[in-house]
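Please look over the sequence and the model before reading the points below.

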Amino acid sequence: MIKYILNDKLVDQNKAMIHVSDLALLRGYGIFDFFRLIGLKPLFLEDHLNRFYNSARTLRLECPLDRDTLRSMILEMIKSNKIHDSGVRIVLTGGESPNGYYIGEPTLIVLNEPIKPLPESHFTEGIRLVSHQYLRDIPDVKTLNYLMGIYHLPDIQAAGALDLLFHWNGKISELTRSNFFIVDQNDRIVTAGKGVLKGINRKHVLQLAREEFEVEERDIFMNELPAAREAFLTGTTKKVTPIVQIDDIVIGDGRPGPVTQRLQQMYDEYIEQYLKRY
Ligand SMILES: Cc1ncc(COP(=O)(O)O)c(C=O)c1O
């Protein structure tokens, strides 16, 4: 039987339940984080724990487990489940609310889910996006609110796209679940420096990019897209994915560009090295 964590216990998957008065269910109040396993090795676990506890602190939710206990229970869960190349989702909710609005005692749930690999063509040919005017609430926190992305799924699919690209007052922030980058006219790799969730993969890719390219963290505007040489995204399951079209704007020559391809290669090598050290 697959095990999940519920508060301070490892329980059978079908026993991991939250109360109907939980604030996550009634009001969408809660946070989470998500990392993947390569084989059974967790990727960037410490970064994810940092972000998880930061998100919790910002939303004034106290996790029932301290960091060391949570880490060791997660490792125990992974060892018990043995689901290779899966994902681990750490969720902290507002808990059972006394009146349907006030925060209760936060509920911690850790799930271990299979991940369906993305088609290889995503990485080799690139993907398309649909732009959408939207400003995420508390953007530096990984909240449970993905309403806009899920609501627009049929439109995204009808457009042959993979996801939405959020922008507000002409300024581009990120995708629903990934960070956004362009290679600008001056061959600089650019990504938004504020108003976004600081992706763990964003952090590692920026670090790699600085070894070989000029990098800038600044606002990116919608009207820069037609002249952008390349665009790509970073995220836990999507790694470094080239973006070849946004609405009817073809990026560069409509194929993954050399900078993106180089970063994909560097990222794969970096992960290989990371796993050897683990
Ligand atoms: C809004 C948002 N931006 C960016 C990301 C990318 O973050 P990471 O690289 O940690 O997966 C995510 C991840 O789900 C996200 O939800």
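The model is predicted: local features need pLDDT of at least 70, side-chain atom pairs count only at pLDDT 80 or more, and totals for chains, interfaces and linings use all residues. Residues are numbered from 1 along each chain as its sequence is written.

**Overall fold**
- The protein contains 8 helices and 16 strands; helices (H or I, at least four residues) and strands (E, at least two) are DSSP runs numbered from the N terminus.
- Its radius of gyration is 19 Å, close to the 19 Å that the globule rule gives for 278 residues, so the protein is as compact as a globular protein of that length. The radius is taken over C-alpha atoms, and the rule is 2.2 Å times the number of residues to the power 0.38.
- The C-alpha trace spans about 55 × 45 × 30 Å along the principal axes of the protein.
- Among contacts with a separation of 6 or more, 68% join residues 24 or more positions apart; a contact means that two C-beta atoms, placed from the backbone, lie within 7 Å.

**An open sheet**
- An open sheet is built from 6 strands in the order β2-β1-β6-β5-β3-β4, with antiparallel pairing. Two strands pair if DSSP finds at least two bridges between them.
- β2 (9-12) and β4 are at the edges with a single partner strand each, so one side of each has no neighbour in the sheet.
- β3 (residues 30-38) pairs with β5 (residues 86-93) over 7 antiparallel bridges, and Phe 34 has Arg 89 in β5 as its bridge partner.
- β3 also pairs with β4 (residues 41-42), in the antiparallel sense over 2 bridges; here Leu 37 stands opposite Pro 42.
- The hairpin of β3 and β4 has 2 residues between the strands, and Gly 39 in this hairpin takes a positive phi near 65 degrees.

**Nonpolar cores**
- The largest nonpolar core has 30 residues, and Leu 129, Leu 165 and Ile 243 have the most contacts inside it. Such a core is a set of buried Ala, Val, Leu, Ile, Met, Phe, Trp, Tyr and Cys residues joined through C-beta atoms within 7 Å.
- Another core, of 18 residues, lies apart from it and includes Ile 5, Leu 70, Ile 90 and Leu 92.
- Of the 278 residues, 33% count as buried. Buried means 20 or more other C-beta atoms within 10 Å of a residue's own, exposed means 12 or fewer, and partly exposed is in between, with C-beta atoms placed from the backbone.

**Around the ligand**
- The ligand has 13 residues around it, of which Leu 197, Gly 199, Ile 200, Asn 201 and Thr 236 come nearest. A residue is near if its C-beta atom, placed from the backbone, lies within 6 Å.
- α7 (200-212) and β14 (230-235) each supply at least two residues of this shell, and the largest share, 3 residues, comes from α7.

**A loop residue**
- Asn 223 lies in the loop between β13 (220-221) and β14.
- Asn 223 is exposed, with 8 other C-beta atoms within 10 Å.
- The C-alpha atoms of Asn 223 and Lys 171 are separated by 8.9 Å, although the two are 52 residues apart along the chain.
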